Amino acid sequence: MAINTDKNSYTVIFAAVMVVIVGSLLAFLASGLRPRIDENERFEKQQNILYAMGVNQNEGAGSVSFIPTDVVEGEFSKYIKQQLVVVGSETKEREEAYLIDMKKQLNIIKNGDEAELPLFVGEKDGKKSYIIPMYGKGLWDAIWGYISLDENMVVQGVVFDHKGETPGLGANIKLRYFMDDFTGESILDGNRYAGISVVKGNNDPLNNDKEDNEVDALAGATITGNGVTAMIKETLKLYKPYLETIRTK
Amino acid sequence: MGLLSKKDANLILDPLADNNPITIQVLGICSALAITAELQASVVMSISVLFVLGVGNVVISLLRNVIPSKIRIIVQLIVVATLVIVVDQVLKAFAYELSKTLAVFVGLIITNCIIMGRFEAFALGNGPWKSFLDGIGNALGYGVILIIVGFFRELLGSGTLFGIPVLGDPIAKTGLYATGYENNGFMIIPPAALIVVGIIIWVQRSRNKALIEEA
C-alpha cells in the first residue's frame, strides 16, 4: 500500500489533519493545566510582593529565597495590611489588587485613559512599607518587579524578574548581589523623584553612598540595566501623586 | 557495549567527537554563544535539547513514510514546537521554578538548527530506534561542547561554577584574588564563546588530522 505523498490533495489533507490533532492536543493540555498554572502565578506574585518588603527566607549573602508556596497565602494576609488602587488623585481599597496586570494598565495610560494602579501597604515589626509594582523593557523582552518604600522614600527592598534576558548577563538582575544594592538607597534627589539609576563605573562599586541615586551596573548587561533604570523612573512618575501624600521628608 | 550493536553504538559515539554537531558540523552555534556564560544554563539547555531531539527524532521517523515531502520542513517545525510547548506547559503546572529557568530557552530550542538538521538528515530516512540513538548522540555531543564552554566562561569570567565562588571573593580580595588575579570580563560576553569554541576545534583537529578539510 504505497501512498502517493506528492499529490496536492494528499498534502492538503495531511496538513489539515495535523493542524487539528496538534491544535486539539495543545488546547486540551492548556485548559487542563490552566488552574494549576494560575495558582502558581498567584503564589509567585505574593512571594514577590513579600520579598520586596523584606519578608523572605534569605540567609547570609547567598541566593534568593522566597516564602514557600504552601504558606505564602497566610503570610501574605498577615503582612499586607491594605491593597489599594490609585486612580488619578484618588485612592481606593481593592481586594486582590495584586492580581491587576501592570502591563494592561500601562497600555491604558498610553491610550490616554485613566488606569487603576495597584499599590500595597505592608507592615513588619511596626514599620510600614509601600510596595509598588513595576513593569518595563529589558534587552529581549519584558522585565518587571516590585519596589518597597518607606515614608522617607528610602528603598526597603526590591525584587526583579524577567521574561527572556540573557542567562549570565541581563538575567542576573534577579540575583541577590544586584537587588540587595538597592536597599537603603533614597529615590529622592532633594525634592525631585530621581529614582535609582543603574550606572557603569560610578566609583562606588561597594555601594556605600546611599544618597547618590545610583547602584553599580552588571557587566555585559548595559541595556537590561538601562531598562531597570527607566522602569523605576517611569513607575515613580505614575505614583508620584500618591507618594507625595505619604512622604514625611 | 553489549546492549547495542557496533553500528548503533557509533550513532551515539560519533557525534561526541569526530562528527560533533558544533565543532565539525558547525550547527547550533547560536545557542552555544548565547547561553554559555554560566555552567548551569549550559546544563539546562543540554538536557532540554536531549529530550526534544530524542523524542522529536522518533516522532519524525515514525511519520517519515506519510509526511508529504513538499511540506516536510513545516511538519518538522510543528513537531518541535509542539514538543517544546507541551514540556513548557507541564513544567509550569508542576515545576514552576524550573519552568522559569527554562523560559529563556524555549525559543532557542525551537529554532536550534541541530534539531531541524537531524530531522532532515537522519530521522526522515531511518527507523525509530536508530533515530532515537542518533538524537541522543547528537544532543550529547552538543551538550558536551556547551558544558566545556560554559565551564571556562563562568570560571574565568565570574570566578564561579554553578554560581558558587571557587576562586575566592573578588571584592574582599580573598583566595586567588589576594594575589592580584582579576576576573576577565571579556569571558562573559558572547564573542568569548566563539574563541573558546575555536580553541576546542583547534585542539580536536590537531589531535585528529583526518578532520582537517583540504584547502
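The legends below describe close-up views of a predicted model.

**View 1. Strands β3 and β4 of chain A form an antiparallel pair.** Strand β3(A) covers residues 117–124, and strand β4(A) covers residues 127–137. The pairing of these two strands comprises 5 bridges. Within this pair, A:Lys124 has A:Lys127 of β4(A) as its bridge partner. The hairpin of β3(A) and β4(A) has 2 residues between the strands. In this hairpin, A:Asp125 adopts a positive phi near 50 degrees.

**View 2. Strand β4(A) also runs antiparallel to strand β5 of chain A.** Strand β5(A) spans residues 142–149 and is joined to β4(A) by 8 bridges.

**View 3. Helix α8 of chain B comprises 17 residues.** This helix, residues 191–207, reaches 25 Å from its first C-alpha to its last, close to the 24 Å expected at 1.5 Å a residue. Four of its residues are shown as buried: B:Ala192, B:Ala193, B:Val196 and B:Val197. Seen down the axis of α8(B), the buried residues fall within an arc of 140 degrees, and therefore they line one face of the helix.

**View 4. The surroundings of helix α8(B) include α2 and α7 of chain B.** The buried residues of α8(B) pack against α2 (29–34) and α7 (128–158). On the face turned away from the buried side lie the exposed residues B:Pro191, B:Gly198, B:Trp202 and B:Ser206.

Conventions
Residues are numbered from 1 along each chain as its sequence is written. Chains are lettered from A and ligands numbered from 1 in the order in which they are written. This is a predicted model: local features need pLDDT of at least 70, side-chain atom pairs count only at pLDDT 80 or more; totals for chains, interfaces and linings use all residues. Two strands pair if DSSP finds at least two bridges between them. The expected span of a helix is 1.5 Å times one less than its number of residues. A residue is buried if 20 or more other C-beta atoms lie within 10 Å of its own, exposed if 12 or fewer, and partly exposed in between; C-beta atoms are placed from the backbone. The arc is that of the directions from the helix axis to the C-beta atoms. Two residues are in contact if their C-beta atoms, placed from the backbone, lie within 7 Å.
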